[in-house]
Amino acid sequence: MAVSKQQQLALLVLIYVFLTDASANAQYNIKLAPALYIFGDSTVDGGNRLPPNGAYGMDLNSNVRPRWSNGLNIADFLANFLGLPLVPPYSNMSIAGGSTTGVNYGSAGCGILPQTGQLIRENGNCWSFDRQIVYFNRTVFDNLTTLFNNEDLIKHLRDSVFLISFGIKDYEFNYLRPTYNGSLAKLEPEVFAKYVLNELSFRLTILHGLGGGKFLVNNIWPMGCTHGDSCCNEKINQLVIPYNKKRVEEDEEEKEMFQV
């Protein structure tokens with residue numbers, strides 16, 4: 001997928017505006033949401049499943065748990081944009097247990113489908129989306145109910161942002177480079193995309209039932225351009241496109257269902 005100079009410039013402008021607004025919100029203590037609840041893979045993991053390579057997180061200070069990047073990840077930047085502090089990982093309950101500004105349940109290597117990433121054993125198993133939802137449920141009933149009365153808790157969850165960043169590992173482990181029985185890899189791209197999105201929609205419905213009202217769900221980036229090769233693999237990029245197209249359609253349906 002070739003990227004034009006105009007697209008590169010537009011992206012740089014978008015990043016500049018995003019970082020400028022984030023800096024202003026932090027400087028003037030402006031909160032755009034009461035909390036940020038984070039579910040996902042390595043793109044948002046804030047220290048739940050620590051990376052094996054000590055070089056990860058090298059640009060962070062010693063008070064911040066390593067991410068699967070040199071510095072802050074997209075969840076951290078979103079928290080900053082919302083005027084919130086960095087969101088504590090669920091694994092650090094000494095902080096997460098008393099947090100009223102959100103919790104990060106992200107776990108590197110996992111995905112929407114329960115089997116995704118479950119063969120990974122290095123540095124502990126990753127947490128599937130299902131397990132992350134279980135942990136969120138515990139947060140609500142074990143922690144937040146002690147910090148809010150019922151009416152305030154309902155409003156807190158309704159106004160909070162729920163960031164969902166999954167899909168990359170579902171494609172990698174089940175479709176592009178299957179590590180399981182391989183049956184899903186035989187599906188047509190549109191059929192596999194619909195299957196994964198149905199699983200995603202089911203879990204979003206659960207989170208909505210637990211009080212969530214504002215959802216921010218990622219697209220999958222061009223996966224044929226992510227392995228350090230000098231050229232992108234357009235065949236892989238084309239296989240992922242149906243997911244992003246269908247997800248936009250799902251967004252419209254969920255807006256009506258959730259009455260957002």
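This is a predicted model: local features need pLDDT of at least 70, side-chain atom pairs count only at pLDDT 80 or more; totals for chains, interfaces and linings use all residues.
Across which strands does helix α4 lie?

Figure 1. Helix α4 lies across strands β1 and β2. Relative to β1, α4 runs at about 155°. Helix α7, formed by residues 189–209, lies across β1, β2 and β3. The angle between α7 and β3 is about 150°.

**Figure 2. The open sheet of three strands.** The strands are arranged in the order β1-β2-β3, and their pairing is parallel. At the edges stand β1 (36–40) and β3 (214–217), each of which pairs on one side only. From one strand to the next, the twist averages 20°. Strands of a sheet pair through backbone hydrogen bonds, either parallel or antiparallel.

**Figure 3. The pairing of β2 with β3.** Strand β2 comprises residues 161–165 and is joined to β3 by four bridges. The two strands run parallel. Ile164 stands opposite Val217, a residue of β3.

**Figure 4. The enclosed helix α6.** Helix α6 spans residues 168–176, and nine of its nine residues are buried, so the helix is largely enclosed by the rest of the structure. Among the buried residues are Ile168, Tyr171, Phe173, Tyr175 and Leu176. The buried residues also include Lys169, Asp170, Glu172 and Asn174. An α-helix has 3.6 residues a turn, so residues three or four places apart point the same way.

**Figure 5. The disulfide between Cys110 and Cys126.** A search of the whole structure finds two disulfides. One of them joins Cys110 to Cys126, with an S to S distance of 2.1 Å. Cys110 and Cys126 both lie in the loop between α3 (93–96) and α4 (129–147), so the pair ties together parts that are 16 residues apart in sequence. The torsion about the S-S bond of this pair is about 75°, so the disulfide is right-handed. Both Cys110 and Cys126 are buried.

**Figure 6. The disulfide between Cys225 and Cys232.** The sulfur atoms of Cys225 and Cys232 are 2.1 Å apart and form a disulfide. Its S-S torsion is about 130°, so this disulfide is right-handed. Are these cysteines buried or partly exposed? Cys225 has 34% relative accessibility and therefore counts as partly exposed. Cys232, at 37% relative accessibility, also counts as partly exposed. With bonded cysteines counted along the chain, the disulfides of the protein chain follow the pattern 1-2, 3-4.

Methods
Residues are numbered from 1 along each chain as its sequence is written. Side-chain values use heavy atoms; hydrogens and water are left out. Buried means under 20% relative accessible area, exposed over 50%, partly exposed in between (1.4 Å probe, protein chains only). A disulfide is a pair of cysteine sulfur atoms within 2.5 Å. Two strands pair if DSSP finds at least two bridges between them. Axes are lines fitted to C-alpha atoms, for helices over the stretch in contact, and angles run from 0 to 180 degrees between N-to-C directions. Contact means heavy atoms within 4.5 Å.
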